Amino acid sequence: MLRIEALTVASRERALVEHLSLDLAAGQITCLIGPSGCGKTSVIKWLAGILPAGLTATGRLTIDGGERTRPDPAISYQPQSDALFPWLTVAENAALGLEVAGVPHATAKARIAPLLSAFGLAGNERLFPDQLSGGMRQRVAFLRTIVQESSFILLDEPFSALDAVTRMRMQAWLVARLQEVRRGVLMVTHDLREATEIADRVLVMAASPGRIVADIKIDTPREARGEAALADLRETLKSMLLEDFS
Amino acid sequence: MQPLRRILPAILIALAILAVWELYCAWADVSPLILPAPSDVARALGTERAVISEHAASTLSVAALGFSTSVAFAFLISVALHFLPPLERGLMPLFVVSQTVPLIALAPLMILWFGFGLLPKMLLVILVTFFPMLVSLLSGYARASRDHLDLLASMGAGKATLFRRVRLPSARAAFFAGLRISATYAIVATIFAEYAGARRGIGIFILSAKNNFRADLVLAAVVVSATLTLLLLGAVRLVERFSDRRRGHHAAH
């Protein structure tokens, strides 16, 4: 269990996130939705230990009760862009997290090899990112994130750069991969359909200052979720997002 | 033959200019002492080729030596400045001022202080080429993408790892751009240094040709210096091509 207690993030002028607390359970996908500027990205970046200079933060992070500093190897982060390095091959990009963590090159390579086919990348390990389609690039980014074997994964709008068809395919595919690895996932998204289809739980944030205004658990298993029920849930979420909390 | 087609306009324009020049010399009856025709220059190049190539070899080796020392030096300094920002704030103004020193003032002083040997010429080449290299490298480091830096920082990378894995590779294009600029300066700076005093080199060849009123030889030296610059640029291009690990892959940009 990952727990954030009383997180406040502020720029010199104003508070971006105020007194935010949340728990992430292992093996659960939690979606974080909210209007632009509500501080979703600040929460993610704080967790990843990469809050921009100029922002100050107070708050406590614990994992299974133990206090953690950030960046923490138990948490891996995937930025909104795939952030693949254009000068590295698919295999080298995928191994980046392991190598930065000090895993020897050969070991990292050996750990990635068996995952390549599940990620639809078998035979492409020596290609460079600009030779890949958008969906493939995203899969390399997911492989890079998942192979780090952290307990928690932060995804900042992972599908925003993809076209609609690729997006739908990738969502189902990602859920399958995440269920295999049983990590706790915190995913920022703007897409209510995406949130209702793949999340175990949806957190709704409101802006100025950023805080959580609703915490909705979706107990129905993903495959049993009917379109009607999802549509209702989406309506609820939509009205929450449109509501003026300030 | 795509490359040929690309340089064809340049070749045609150059040929046209040479033709006009040649015709002007023939028809306007200008003294070859004032304005030798291209054919005179070509002839001078042919008859003096042994002497000229000896001088050219000397110029090229001095320029290449000074240039590579400068590049190595610029790289070391750029790394130091990147990791020690106060050092950058302290040294950059000094480097900028160094670029305002007129070579015409400095070259004779260098000869006075360090004699006619290799050292004063190398120092001049370094003075001229170091700064563009340094600026290219520093701006290349600064060009690293925020996403790449953030990603690595979230993996726990420290400043040294960020530099090696993100900033340094990100600076590749800027480095080679700086290398091309510096390479063109290197030959000119060497010739200037030789002109101020040397035993061998295109610069001293120009000086003696001028003193003997041999405009054709001066122009021949210009042709040689342009060729040397192109040679150095070609060498830079080759290094760029062969150091690219994506060679053999079809690059999309």
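In this predicted model, the contact between the two chains draws 16 residues from chain B and 17 residues from chain A. On the chain B side, the elements giving two or more residues are α7 (146-154) and α8 (159-170). Of these, α7(B) supplies the largest share, seven residues. Sorted by class, the side of chain B that touches chain A comes out as seven nonpolar, six polar and three charged residues.

Elsewhere on chain B, B:Arg245 sits in the segment after α11 (215-242). B:Arg245 has 11 other C-beta atoms within 10 Å, so this residue counts as exposed. In sequence, B:Arg245 and B:Pro3 are 242 residues apart, and their C-alpha atoms are 22 Å apart in space.

Turning to chain A, its domain assignment gives two pieces for domain 1, 2-74 and 150-242, with domain 2 covering 83-149. The C-alpha centres of domain 1 and domain 2 of chain A are 24 Å apart. Where these two domains of chain A meet, twelve residues of domain 1 are in contact with ten residues of domain 2. Helix α5 (residues 164-181) of chain A gives the most to the domain 1 side of that contact, namely five residues. The residues on this side of domain 1 of chain A split into eight nonpolar, two polar and two charged.

Chain A also holds an open sheet of six strands, and its order reads β6-β7-β8-β3-β9-β10, with mixed pairing.

A few backbone details of chain A are worth a look. As a rule, most residues other than glycine have a negative phi, and most peptide bonds are trans. A:Arg70 and A:Pro71, however, are joined by a cis peptide bond with omega about -5°. A:Pro71 is in the loop between β5 (66-67) and β6 of chain A. Another cis bond runs from A:Ser208 to A:Pro209, with omega near -10°, and A:Pro209 belongs to the loop between β9 and β10 of chain A. A:Ser208 lies in the loop between β9 and β10 too, and has a positive phi of about 35° although it is not a glycine. With 15 C-beta neighbours inside 10 Å, A:Ser208 counts as partly exposed.

A:Ala83 likewise carries a positive phi, near 55°, without being a glycine. This residue is placed in the loop between β6 and α2 (90-100) of chain A. Is A:Ala83 buried or exposed? There are 22 C-beta neighbours inside 10 Å, so A:Ala83 counts as buried.

How values were computed
Residues numbered from 1 in each chain as written. Chains lettered and ligands numbered in written order. Predicted model: local features only at pLDDT ≥ 70, side-chain atom pairs only at ≥ 80, totals over all residues. Contact = placed C-beta atoms within 7 Å. Helix = DSSP H or I, 4+ residues; strand = E, 2+ residues; numbered from the N terminus. Nonpolar A, V, L, I, M, F, W, Y, C, P; charged D, E, K, R; others polar. Buried ≥ 20, exposed ≤ 12 C-beta atoms within 10 Å, placed from the backbone. Pairing = 2+ DSSP bridges. Domains from an automatic or database assignment.
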